[in-house]
Amino acid sequence: MTEGVVTETGVRARTRRAILDAAIETLTKQPSATLADIAAAANVGRTTVHRYFAERSDLIDAISHDALDKISHSTERARLDDGPAPEALARLCQEYFEHGDIFQLLFTMPDLVTRPEWTEESDDDRRLLRLVERGHAEGSIDPAMTKEWLLQLLWSLLYTAWELTREKTPKHEALTLCLRSLEKIIAVG
């Protein structure tokens, strides 16, 4: 075991994950929720939550890092270097769509994305921007759509799709609308 790294047992990891998932769901609906509210949603005692996250700020930090991990894993799974740029962009959208719960929280609690780990451009950001540049170069993405604009547009489309699912639109329908909109926006000519 590497010094400073704590390996969690299966039970401990599952309990921590349950608390994080309950926190994401609860805070998305009620950003002022207390640790006691989150404990109730996770079906654990308040002292259990405090064993994992001594302060609310510790829990918020863990959620922030969890979101970044999900972005990184999704970016990797999307295989941005494979195939035409629009197809890779659609795969990325599909991957990100699966994490709507945590991304909804980022929109609900914008202070999460002002933390130090969010302020610098990440490798995932750079990979996405390179993908758009590649699409411009290969002629498969409208060059009038700047990479910065498309990055913001991608998040806006995903947010709209996630909101639709919260309003009871089937997930497959919301994702289809998101992908079709993206396809039309980036189309050349």
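In this report, Ala, Val, Leu, Ile, Met, Phe, Trp, Tyr, Cys and Pro count as nonpolar, Asp, Glu, Lys and Arg as charged, and the others, Gly among them, as polar. The structure is a predicted model.

The largest pocket holds about 550 Å³ of space. Its lining is made up of 20 residues, and Ile71, Val113, Trp118, Asp125 and Trp155 are the closest to the centre. Helix H4 (56–77), helix H6 (100–108), helix H7 (116–119), helix H8 (123–138) and helix H9 (147–166) each give two or more residues to this lining. The most come from H9, which gives four residues. Sorted by class, the lining of the largest pocket has eleven nonpolar, four polar and five charged residues.

The second largest pocket has a volume of about 300 Å³. It is lined by 13 residues, and those nearest its centre are Gly100, Asp101, Gln104, Thr165 and Arg166. At least two lining residues come from each of helix H1 (10–29), H6 and H9. Here H1 gives the most, with four residues. The lining of the second largest pocket divides into three nonpolar, four polar and six charged residues.

**Aromatic rings**

Six aromatic pairs are found in the whole structure.

| Pair | Centre to centre | Angle between planes | Arrangement |
|---|---|---|---|
| Tyr96 and Phe103 | 5.7 Å | 55° | tilted |
| Tyr96 and Trp155 | 5.1 Å | 10° | stacked |

The pair of Tyr96 and Trp155 counts as stacked because its planes are at 10°, and planes under 30 degrees apart count as stacked. Tyr96 belongs to helix H5 (residues 85–97) and Trp155 to helix H9, so this pair ties together parts that are 59 residues apart in sequence. Tyr96 and Trp155 are both buried. Phe103, the partner of Tyr96 in the tilted pair, is buried as well.

Ring pairs also join these residues into a cluster, which consists of Tyr96, Phe103, Phe107, Trp155, Tyr159 and Trp162.

**A charge over a ring**

One further contact involves an aromatic ring. Arg12 lies over the face of Tyr52, at 4.3 Å from the ring centre.

Conventions
Residues numbered from 1 in each chain as written. Predicted model: local features only at pLDDT ≥ 70, side-chain atom pairs only at ≥ 80, totals over all residues. Heavy atoms only, no water. 1 Å grid on protein atoms, 1.4 Å probe; cavity = no way out; pocket = protein on both sides within 12 Å on 5 of 7 lines; lining within 4 Å. Points joined across faces, edges and corners; volume = space filled by probe spheres on them. Phe/Tyr/Trp six-rings, centres within 6.5 Å; stacked < 30°, edge-to-face > 60°. Buried < 20%, exposed > 50% of the residue type's maximum accessible area, 1.4 Å probe, protein only. Lys NZ or Arg CZ within 6 Å of the ring centre and 35° of its normal.
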